[in-house]
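Try each task yourself before reading its solution.

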Amino acid sequence: MKFFIDTANLEQIKEAQDMGILDGVTTNPSLMAKEGITGTNNILKHYVDICNIVDGDVSAEVISTDFDGMVREGEALAELHDQIVIKLPMIKDGIKACKYFSDRGIKTNVTLVFSPGQALLAAKAGATYVSPFIGRLDDISTDGLNLIAEIRHIYDNYAFDTQILAASVRHTMHVIDCAKLGADVMTGPLSSITGLLKHPLTDIGLEKFLADYKKGN
């Protein structure tokens with residue numbers, strides 16, 4: 001399972017990268033705005049800064065909602081760095097743009113996916129990644145994890161190459177459950193990754209080891 005971090009915060013990206021387990025980054029306009037990154041030139045520079053920190057794929061989202069606009073933005077983003085993945089919305093023109101980019105060997109991430117049918121269309125269009133938003137489904141009392149299971153079943157039926165990128169991951173159990181269900185990638189906040197480190201018995205055991213060492217040294 002690949003670990004992506006969902007943020008535009010460079011310090012958090014560096015921290016995850018330094019752990020040696022980071023496989024990529026996802027961002028969106030909301031995350032950019034949260035870090036105070038505004039203006040086209042600043043946003044494009046920030047994507048390059050992220051690519052210079054990590055070794056893996058970095059999803060960069062288009063703003064346009066029409067085919068021509070998505071193609072224009074996507075091509076500009078793809079030219080920034082060879083790690084850039086074009087993030088496209090799950091709408092008709094987004095699927096059309098996905099097919100356009102996949103035919104040209106440019107990686108894509110179809111985002112805002114909330115149903116198996118949407119995921120099927122993304123795979124048919126050749127998406128590199130599909131991003132079902134499990135946390136947002138949980139927010140409306142719908143089982144987000146069941147969506148991961150359904151997409152996994154469909155993709156396995158037809159041997160689609162599209163990777164399931166579990167998005168809107170909120171906490172460590174989301175990560176564990178997605179791993180059990182066979183999601184190819186998870187993306188979430190730094191806390192969802194570092195939270196996997198924690199267990200009270202680990203803390204107790206380490207404390208005892210150190211205390212016993214001090215007794216004899």
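**Exercise 1.** Is lysine 107 buried, partly exposed or exposed?

*Solution.* Before we start: this is a predicted model, where local features need pLDDT of at least 70, side-chain atom pairs count only at pLDDT 80 or more, and totals for chains, interfaces and linings use all residues. Residues are numbered from 1 along each chain as its sequence is written, and side-chain values use heavy atoms, with hydrogens and water left out.

Step one is the scale: buried means under 20% relative accessible area, exposed means over 50%, and partly exposed is in between (1.4 Å probe, protein chains only). Step two is the value: lysine 107 has 39% relative accessibility, so it counts as partly exposed.

**Exercise 2.** Find the salt-bridge partner of lysine 107 and say where the two residues sit.

*Solution.* Start with the rule: a salt bridge is a side-chain nitrogen of Lys or Arg within 4 Å of a carboxyl oxygen of Asp or Glu. Side chains of opposite charge can pair when their charged atoms come close.

Now look for the partner. Lysine 107 bridges to aspartate 57, and their closest N and O atoms are 3.1 Å apart. This pair links distant parts of the chain: lysine 107 is in the loop between α5 and β5, aspartate 57 is in strand β3 (residues 57-61), and 50 residues separate them. For these labels, helices (H or I, at least four residues) and strands (E, at least two) are DSSP runs, numbered from the N terminus.

Last, check the partner's surroundings. Aspartate 57 has 11% relative accessibility, so it counts as buried. Its side chain also makes a polar contact with the side chain of tyrosine 129, at 2.6 Å. (A polar contact is a pair of N or O atoms within 3.5 Å; within protein, one must be able to donate a hydrogen and the other to accept it, and residues adjacent in sequence count only if both atoms are side-chain atoms.)

**Exercise 3.** How many salt bridges are there, and which residues are linked in a network?

*Solution.* The count comes to 10 salt bridges.

- In helix α5, aspartate 103 and lysine 99 are four residues apart, about one turn of the helix. Their closest N and O atoms are 3.2 Å apart, and lysine 99 counts as partly exposed at 40% relative accessibility.
- In helix α8, aspartate 156 and arginine 152 are also four residues apart, about one turn of the helix. Their closest N and O atoms are 3.2 Å apart, and arginine 152 counts as buried at 15% relative accessibility.

**Exercise 4.** Which residues of helix α6 are buried, and what covers them?

*Solution.* In α6 (residues 116-124), the buried ones are Ala119, Ala122 and Ala123. They span an arc of only 100° around the axis, so they lie on the same side of α6. (The arc is that of the directions from the helix axis to the C-beta atoms.)

The cover includes α5 (92-103), β5 (108-113), β6 (129-132) and α8 (144-158). For an example from β6, pick valine 130: at 0% relative accessibility, it counts as buried. Its contacts (heavy atoms within 4.5 Å) include Ala119 and Ala122.

How values were computed. Lists of a residue's contacts leave out its neighbours within four places in sequence.
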